[in-house]
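Visitor: I would like to learn how to read salt bridges and pockets in a model like this one. Please take one feature at a time.

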Amino acid sequence: MNKSIVKFATVKFDKLDKEATLPAKFQRLLKSLPLKKMVGDKTVALKMHLGGGLGYTTIHPLFVKILVDALKEAGGQVFITDLYHEKNKNFGVRGAENRGYSEEILGVPFVPVAGPFDKYYYTKKVNYKTLKEIEIAGNIHDAEVLIDFSHFKGHGVCGYGGACKNIAMGCVTQNTRRNIHALEGGLEWNEELCDHCNTCIDECRYKANKFNEDGKYEIFFHHCTYCQHCVEVCPNNAITLTNSSFVDFQKGMAVATKEVLKTFNKKNVYYINVLLNITMLCDCWGMSTPSLVPDIGIMASEDMVAIEKASLDMIKVQDLLPNSLPTGRELREGKHLFEKIFGKDPYGQISKLENKGLGNSKYSIEEVK
């Protein structure tokens with residue numbers, strides 16, 4: 001099989017000149033693409049994660065502006081889209097201006113992927129274990145072109161978050177996200193270890209847990225997304241997963257991704273991964289931690305599997321920066337840095353995507369000068 005091309009703009013520079021820096025290289029990368037043919041006179045969904053809370057490590061607005069301007073210049077009718085959280089006014093599309101994203105600055109509208117109440121979607125039947133259908137967000141489904149603009153970082157469930165996660169979890173409804181997370185397994189509370197500190201409850205974005213009148217821990221699974229924030233923040237390890245089959249979650253992500261991509265002509269989807277501020281946690285936490293490794297650059301490809309594999313390959317264990325992990329957290333066994341942090345092989349997600357026919361893991365890097 002021929003290798004897929006992954007374009008790469010590195011942060012490395014050889015002189016003190018703005019043309020040698022990453023934003024200028026990103027502009028040149030975009031100019032090397034046949035954007036007019038790809039987006040001209042078409043509606044373009046620019047899907048990205050707009051973050052929330054006190055998070056500051058999402059994609060910098062300058063890079064968003066560069067991309068938006070290039071798409072508009074090519075004739076695309078662009079809108080930026082992400083999740084809309086009804087109860088959280090500072091997450092996703094709501095509160096995006098708090099992180100420097102606004103229609104006034106970027107010159108394009110911001111549209112909730114499935115409408116303001118998460119009710120605009122198209123249902124596609126699937127049959128993977130408990131995942132029986134995928135509710136594809138209506139404003140993604142209706143667009144002619146999808147630009148998958150992703151901040152690459154760690155993720156506690158599947159090992160990493162990038163182009164795949166931006167589609168599988170970001171282009172569907174809350175109900176589908178919950179059903180995909182449910183593949184990971186249930187949650188179990190150990191009463192003997194719990195001191196009722198309420199940290200798990202205070203940190204739950206979806207208000208899906210509580211202590212009842214008898215002091216017993218309860219989870220309202222209708223609201224629970226299985227994001228495992230409660231597991232991670234519990235100081236006494238009183239909440240655990242009853243099943244560690246993260247492989248099922250990775251397969252579910254691949255299933256959802258394939259269903260979303262079926263709605264587009266293959267030539268009308270393009271992937272851009274931003275390897276800056278590569279943090280331990282997903283942007284959905286609404287907070288930022290220090291970068292795990294030094295900034296790397298920006299990658300772009302028409303092949304999702306190739307760009308995900310290339311992005312993972314660029315992140316090296318030996319580049320781990322001091323103070324980038326919580327105090328006292330030790331690396332586990334594993335080959336990749338993310339596996340050493342989370343105990344889950346991130347390359348497993350790559351193989352699941354490739355097995356679904358979503359791309360080619362063999363790639364060659366084409367560096368933008």
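Visitor: Is Lys129 buried, partly exposed or exposed, and what is its relative accessible area?

Guide: Keep in mind that the model is predicted. Residues under 20% relative accessible area count as buried and those over 50% as exposed. Lys129 has a relative accessible area of 49%, so this residue is partly exposed.

Visitor: Which residue forms a salt bridge with Lys129?

Guide: A salt bridge requires a side-chain nitrogen of Lys or Arg within 4 Å of a carboxyl oxygen of Asp or Glu. For Lys129 the partner is Asp248, with the closest N and O atoms 3.1 Å apart. Lys129 sits in the loop between strand E5 (121-128) and strand E6 (131-137), while Asp248 belongs to helix H10, so the pair ties together parts that are 119 residues apart in sequence. Asp248 counts as buried, at 13% relative accessibility.

Visitor: How many salt bridges are there by this rule?

Guide: The count comes to 11. Another of them joins the side chains of Arg329 and Glu232, at 3.5 Å from N to O. Arg329 is in the loop between helix H11 (304-314) and helix H12 (337-342), and Glu232 is in helix H9 (residues 229-233), so this pair links parts 97 residues apart in sequence. Arg329 is partly exposed at 25% relative accessibility, and Glu232 is partly exposed at 34%.

Visitor: Is Glu259 buried or exposed?

Guide: Glu259 counts as buried, at 11% relative accessibility. Its side chain meets that of Lys262 in a salt bridge, 3.0 Å from N to O. Lys262 counts as exposed, at 54%.

Visitor: Which residues lie nearest the centre of the second largest pocket?

Guide: They are His85, Glu86, Asp118, Gln174 and Arg178, out of 19 lining residues. The volume of the second largest pocket is about 480 Å³. Helix H7 (residues 174-181) supplies the largest share of its lining, 4 residues. By class, this lining has 7 nonpolar, 6 polar and 6 charged residues.

Note on methods. Residues numbered from 1 in each chain as written. Predicted model: local features only at pLDDT ≥ 70, side-chain atom pairs only at ≥ 80, totals over all residues. Heavy atoms only, no water. 1 Å grid on protein atoms, 1.4 Å probe; cavity = no way out; pocket = protein on both sides within 12 Å on 5 of 7 lines; lining within 4 Å. Points joined across faces, edges and corners; volume = space filled by probe spheres on them. Helix = DSSP H or I, 4+ residues; strand = E, 2+ residues; numbered from the N terminus. Nonpolar A, V, L, I, M, F, W, Y, C, P; charged D, E, K, R; others polar. Buried < 20%, exposed > 50% of the residue type's maximum accessible area, 1.4 Å probe, protein only.
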